[in-house]
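Hi there,

Here is the structure I promised to pass on. Have a look at it first, and then read my notes below.

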Amino acid sequence: DKTSNIIIPVKGGVSIEMVKVEAGSFDMGSTPEMKNPDSDEKPVHRVKLTNGYYIGKYEVTQALWKAVMGSNPSMFKGDSLPVENVSWKDCQNFVSKLNSMTRRKFRLPTEAEWEYAARGGNMSRGYKYSGSNTLGEVAWCYDSKSGYKTHTVGTKQPNELGIYDMSGNVWEWCQDWKGSYSSAAQTNPTGASSGSYRVYRGGSWIYYAKYCRSSFRNCITPDSRSGNLGLRLALSE
């Protein structure tokens, strides 16, 4: 296997599969393959991530959320569907409970960690979407006939690292406050030091192709919920 995966049992047969993302550097933002970028994707800047980390192979499923929280807030119900209708604050609560159950330090990925993983890390082939330039191969979104609903995680092709659905299905919360990019190179960036909006990434079942590009940024208040917004876990080594 090209990447090293770990599986962490949680409860009642539910476990979390994580994919290793090796440390490395990349150009973050509106690189040339990202056509018609928005202003907040500029300027492109060099980002160095000095520590390897793990990221969820799949979006957090409703089965996992229920195992940890005992409830299911999702609009579309199904154990293997991504959980949605969860706010950034809900996700922090989930992570806290999950960590006490597993004795691990799960968290939301930083925006830079999210984009690096979506681009395929140090195995990146420079695709516009996560794992392909052909959106329908990797993403459930409006342009790939999602049928206006979420889909079982991991049913499209994975990206270069073996990670599924980083484009489409549901948007995914990141840890960071939304801030503006600068052209300066950065090491292990964690976003703005304060703000009103938290970042989320990746496009979703109801959004067009443009929003599924790996550099596209979106943000909303941390207590907002939506039926197309979920999460993916990160874990430091």
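Predicted model: local features only at pLDDT ≥ 70, side-chain atom pairs only at ≥ 80, totals over all residues.

Asn188 sits in the loop between strand E8 (186–187) and E9. The phi of Asn188 is near 45°, a positive value in a residue other than glycine. Asn188 counts as partly exposed because its relative accessibility is 32%, and partly exposed covers the range between under 20% (buried) and over 50% (exposed).

Asn169 also has a positive phi, near 65°, and again is not a glycine. Its place is the loop between helix H4 (135–138) and strand E7 (171–177). Is Asn169 buried or exposed? Asn169 is buried, with a relative accessible area of 0%.

One more backbone feature to look up is the peptide bond between Lys42 and Pro43, which is cis, with omega at about -10°. Pro43 belongs to the loop between strand E3 (24–28) and strand E4 (45–49).

Now for the sheet. Five strands form an open sheet in the order E1-E2-E5-E12-E6, and their pairing is antiparallel. Strand E1 (5–11) and strand E6 (106–107) are at the edges; each has a single partner strand, so one side of each has no neighbour in the sheet. Further in, strand E2 (residues 14–21) and strand E5 (residues 53–56) run antiparallel and are joined by four bridges. Across this pair, Val21 stands opposite Tyr53 in E5.

Two helices pack on this sheet. Helix H2 (residues 88–102) touches E1, E2 and E6, and its direction makes about 95° with that of E1. Helix H3 (residues 111–118) touches E2, E5, E6 and strand E12 (234–236), with its direction at about 75° to that of E5.

Helix H1 (residues 62–69) is mostly covered, as seven of its eight residues are buried. Among them are Leu64, Trp65, Val68 and Met69. What do the buried residues of H1 pack against? Their partners are E1, E2 and H2. Just after H1 comes Gly70, which takes a positive phi of about 75°.

Last, the surface. Tyr142, Tyr148, Ile206 and Tyr208 make up a nonpolar patch there, and together they have about 420 Å² of accessible area. Ile206 is found in the loop between strand E9 (198–201) and strand E10 (217–220). At 36% relative accessibility, Ile206 counts as partly exposed.

Happy to go through any of this with you.

Best wishes

Definitions and conventions. Residues numbered from 1 in each chain as written. Heavy atoms only, no water. Patch = residues over 30% accessible without salt bridge, like charges linked within 9 Å, V, L, I, M, F, W, Y side chains within 5 Å. Areas by Shrake-Rupley, 256 points an atom, 1.4 Å probe, with all protein chains shown as cover. Salt bridge = Lys/Arg side-chain N within 4 Å of Asp/Glu carboxyl O. Buried < 20%, exposed > 50% of the residue type's maximum accessible area, 1.4 Å probe, protein only. Pairing = 2+ DSSP bridges. Contact = heavy atoms within 4.5 Å. Axes fitted to C-alpha atoms, helices over the stretch in contact; angles between N-to-C directions.
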